[in-house]
Amino acid sequence: TIAAQLYSPSEIIVIDRDANRLNAAVSFGATQSINNSDGSAVKRVMELTKGKVNIERFPPHHIVAHLV
């Protein structure tokens, strides 16, 4: 999240399955955190961004979202 702030994004959305890592990311500047333990991260990102992102999945558990 610290490196992401160098690009001055309006939102930094962090996805993880671990609540401690999510809390740490928020303390370092993430504006949204999503716990993906239920597999709903893509749906939640689309809701938060009003569908204005392209979602890519990389095995095994990586998701990258790019603004459109």
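Q: Welcome! Which runs do the helices and strands of this predicted model come from?
A: A helix is an H or I run of at least four residues, and a strand is an E run of at least two. Both are numbered from the N terminus, and both are runs from DSSP.

Q: With that in hand, where does Asn 36 sit?
A: Strand S2 covers 32-35, and helix H3 spans residues 41-48.

Q: Is Asn 36 buried or exposed?
A: The relative accessible area of Asn 36 is 12%. A residue is buried when that figure is under 20%. Asn 36 is therefore classed as buried.

Q: Which backbone nitrogen lies 2.9 Å from a polar atom of the Asn 36 side chain?
A: Polar contacts are pairs of N or O atoms within 3.5 Å. Here a polar side-chain atom of Asn 36 is 2.9 Å from a backbone nitrogen, and that nitrogen belongs to Ala 41.

Q: How many salt bridges does the structure hold?
A: One of them joins the side chains of Asp 16 and Arg 21, at 2.9 Å from N to O. Another pairs Arg 44 with Glu 47, at 3.2 Å from N to O. Side chains of opposite charge can pair when their charged atoms come close. The count of salt bridges is two.

Q: What separation along helix H3 do Arg 44 and Glu 47 have?
A: Arg 44 is partly exposed at 34% relative accessible area, and Glu 47 is partly exposed at 44%. Both belong to H3 and stand three residues apart, so their separation is about one helical turn.

Q: Which residues does Asp 16 touch, leaving out those up to four places away in sequence?
A: Asp 16 belongs to strand S1, residues 13-16. Its side chain makes a polar contact of 2.9 Å with that of Arg 21. Counting heavy atoms within 4.5 Å, Asp 16 touches Arg 21, Leu 22, Ile 34, Asn 35 and Asn 36.

Q: Which residues make up the largest nonpolar core?
A: Residues of such a core are buried and joined through side-chain atoms within 4.5 Å. Leu 22, which contacts Val 14 among other residues, is one of the five members.

Q: Within what arc do the buried residues of H3 fall?
A: The buried residues of H3 are Ala 41, Val 42 and Val 45. Seen down the helix axis, they line one face of H3, because their arc spans 100 degrees.

Q: Which residues does Met 46 touch, again not counting those up to four places away in sequence?
A: Met 46 is part of helix H3. It is partly exposed, with a relative accessible area of 28%. Its contacts are Gly 51, Val 53 and Ile 55.

Q: What phi does Lys 50 take?
A: Lys 50 is in the loop between H3 and strand S3, where it is exposed at 70% relative accessible area. Most residues other than glycine have a negative phi. Lys 50 is not a glycine, yet its phi is positive, at about 55 degrees.

Q: Which residue takes a positive phi just after H2?
A: Helix H2 covers residues 19-27, and at its start a side-chain oxygen of Asp 18 comes within 2.9 Å of the backbone nitrogen of Asn 20. Just after H2, a positive phi of about 120 degrees belongs to Gly 29.

Notes:
Residues numbered from 1 in each chain as written. Predicted model: local features only at pLDDT ≥ 70, side-chain atom pairs only at ≥ 80, totals over all residues. Heavy atoms only, no water. Salt bridge = Lys/Arg side-chain N within 4 Å of Asp/Glu carboxyl O. Buried < 20%, exposed > 50% of the residue type's maximum accessible area, 1.4 Å probe, protein only. Polar contact = N/O pair within 3.5 Å; in protein donor to acceptor, adjacent residues only side chain to side chain. Arc of directions from axis to C-beta.
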